[in-house]
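Please read it with the structure displayed.

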Amino acid sequence: MRGQRVERILALVAGAAFVLASSVVSLAQYHVNGTITGTITDPSGAVVPGVKVSITNIATATTQSTETNSAGIYFFSDMPPTTYTVTATKEGFNTCQGTGVVLEPASTRTFSCALQVGQTTETVSVSAGALQVQTDTSQLSEVISSTQIEQLPDNGRNFANFLALEPGVAGITFDSFNSMNIFATQGVAVNGLRDSDNNILIEGVSSQRTRDNAATTAAPAVDAIGEINIVSTGYMPEYSRGAGAQIVVQLKSGSDQYHGSLYEYNQNTVYDSATNWAVGTQGTPRGTINWNNFGGTFGGPVPGTRKKLFFFYSEDVTREPGASPNNVIVPSALAHQGNFSEYCAANIACPTVPAFLNLQTDPNTGQTLHTGQPFPNNTIATAFWSPNGAALMDIYPMPNLPSGTVANGQNNFYYSSQNPSNNHTESLKVDYIIDPWKSHLAVSLRHYRTNSVGDDFGNSPQLLDWTIQEPERGATIDLATTFSPTLVNDLTIGSTEDIVHVMLSPGPLGDGLNRTSVGVT
C-alpha cells in the first residue's frame, strides 16, 4: 500500500509538471535521448510484421514492448541513453535476443534480427557490437563514453578536458587547477568554428552564460556525468541557438542496485616543489600548492516504489588555499627617493619641470628651474613632493629581485599572493517509470557555487582584494510519453540561474580605501 501511495503521489507530480509545462512560453526542444529501431526478417530475408519486440534497460531492469509494422520495422523513440537488451518473439519462430545494445545520447541505434523457425522457448542470442556507422541519420557525432570518463586520467577533473579526445576539437587547456572552472569550455573550437558557436546541453537544456557565451552554467562534476556526445554537423533543426557543435552532456541515473563512491585527489608542495626556471626568476619559489578535490556519489532505487523510482546524487568539493607566484615591475629604489635617472637613461617617463615650478630654486642644487626642462640630476627634490603622491608611492614595495631592471622592462619584484578558491557542486537526478501512462519522468537539479579571492596586483599597489561568489543553478523536467509506436511526446522544461557577487576587501599591501592608514589626505 505504501508503494502504491508513493506512485500515486509521483503520478500527480508528473501531471502537475505537464500542466505547468503547457503554460510555459519557452520550452527546450533539443534531442538528447535516443532511438532504437530495426527490421525483423524471416530466414528468407522477408520482413515479418506483428513481431513483439521488447527492450529492457539493463540498469533498472524495466521493460517496454511494441510490435513491428507492416514493413517489419520497430521503433523505440526518446529512450534514455544506456545499455539495453532487445528481444523479438513471434509464434513459430525462435526468440531472437540482442545483448549489449548501447544507446548513446542524441543518437539512433539500429538492431535487426533474422528470426529462425522453431519454438519461442528457444533463444538465439546475438551480442551487439559497437556502433561503427550511423546509417539512420546524416549527423556526425562523437561520443565520450562513461568508461572513458571513469578510467582516463583527467588533470583538473573538468568534463571539458574530455572534449579534446574527439577529432576536430581544439583549444582545450589541460590545467590541473581547472577543477570546476566554468570557463574551461571557453576557447573550445569545433571544426574551426568559434567557441561562442557551440551549444552546451546538460540534460537537454542549454546551459551557457548569456554574457560569456562559451562558459558553462552550473557545470556538473565529472563523477555525475554518464556520457558526452559532440554532435558536430548534419543535426536536425531541433538544435537551435548555436551554429557550431552541440555538446550534449547526460547525467548519470540510478540503477536497480545501490552503488556509491568516495574519492580524494591532492596536489601538494611536499611532492611538487620545483622552483621557477624563467629568466630573471630562477631560484624563486613557485608558491605553496595544496589542492584538494574530494566528494562522492550514491544512487539506486527508492525503497517502497517497486523499483520504478531511481535516484543518483553527486557532491564534489574543491579546496585550494591558493598562493600564486608573481613577478611584476615596481618603482626602483632610486625612484622612491625621487631620482628618475634610470628611467631618463632609457627614455622612459623622464619628468620635466611643470609650469607651477617655473623659476623656483631647486633646494638640492640651488639651480633655477625652467618649465619643460629636466630636473637637475633628474631628481625631484622632496620639497616639491605632493604629500598624497608620496603616500601613494610608499604603497609600492621596494624591489627584491636584483636581476630585474625596471628601465629595461624587467620584473624586479617577486611576491606570493594569497588567492584561495573554494568550489562546491551538487547534482541530483531522479527517474520515475510511470507504467499506466507508458511514460518516463526525469528530474535533475544542479547547484554550483564558487568563492575565490582574486589577486589584482599586476603593476598596481593592490590596495584591495576582490572576492567573487558565483552561485549557479540548473534544473530540468523531462516527461516522455509513448502514445503508440509512431506517436511519442517529449516535454522538457529547463531553467538556469547565473549570479555573480563581487565584494572588495583590504589587500595584502594596504587597508583598502582607508585614507588614514594610507596617508592620503
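In this predicted model, an open sheet of 5 strands is arranged in the order S10-S15-S16-S13-S14, and its pairing is mixed. Strands S10 (140-144) and S14 (205-206) form the edges; each has a single partner strand, so one side of each lacks a neighbour in the sheet. Strands (E, at least two residues) and helices (H or I, at least four) are DSSP runs, numbered from the N terminus, and two strands count as paired if DSSP finds at least two bridges between them.

**Sheet pairing**
- Strand S10 runs antiparallel to strand S15 (residues 225-233), and 5 bridges join the two.
- Within this pairing, Leu 140 has Thr 233 of S15 as its bridge partner.

**Disulfides: count and pattern**
- The protein has 2 disulfides, a disulfide being a pair of cysteine sulfur atoms within 2.5 Å.
- With bonded cysteines counted along the chain, the disulfides follow the pattern 1-2, 3-4.
- A disulfide is a covalent bond between the sulfur atoms of two cysteines.

**Cys 96 and Cys 113**
- The sulfur atoms of Cys 96 and Cys 113 lie 2.1 Å apart in their disulfide.
- This link between Cys 96 and Cys 113 is left-handed, with -70 degrees about the S-S bond.
- The pair connects distant parts of the chain, 17 residues apart: Cys 96 belongs to strand S6 (residues 95-102) and Cys 113 to strand S8 (residues 113-114).
- Both Cys 96 and Cys 113 are buried, where buried means under 20% relative accessible area, exposed over 50%, and partly exposed in between (1.4 Å probe, protein chains only).

**Cys 344 and Cys 350**
- Cys 344 and Cys 350 are joined by a disulfide with an S to S distance of 2.0 Å.
- The torsion about the S-S bond of Cys 344 and Cys 350 is about 85 degrees, so this disulfide is right-handed.
- Cys 344 is buried at a relative accessible area of 12%, whereas Cys 350 is partly exposed at 33% relative accessibility.

**Confidence and conventions**
- The mean pLDDT (the predictor's confidence in each residue, from 0 to 100) of the protein is 81, and 80% of its residues reach 70 or more.
- Over residues 1-29 the pLDDT stays under 50, and the model has 33 contacts (heavy atoms within 4.5 Å) beyond four places in sequence for these residues.
- Residues are numbered from 1 along each chain as its sequence is written, and side-chain values use heavy atoms, leaving out hydrogens and water.
- Local features need pLDDT of at least 70 and side-chain atom pairs count only at pLDDT 80 or more, while totals for chains, interfaces and linings use all residues.
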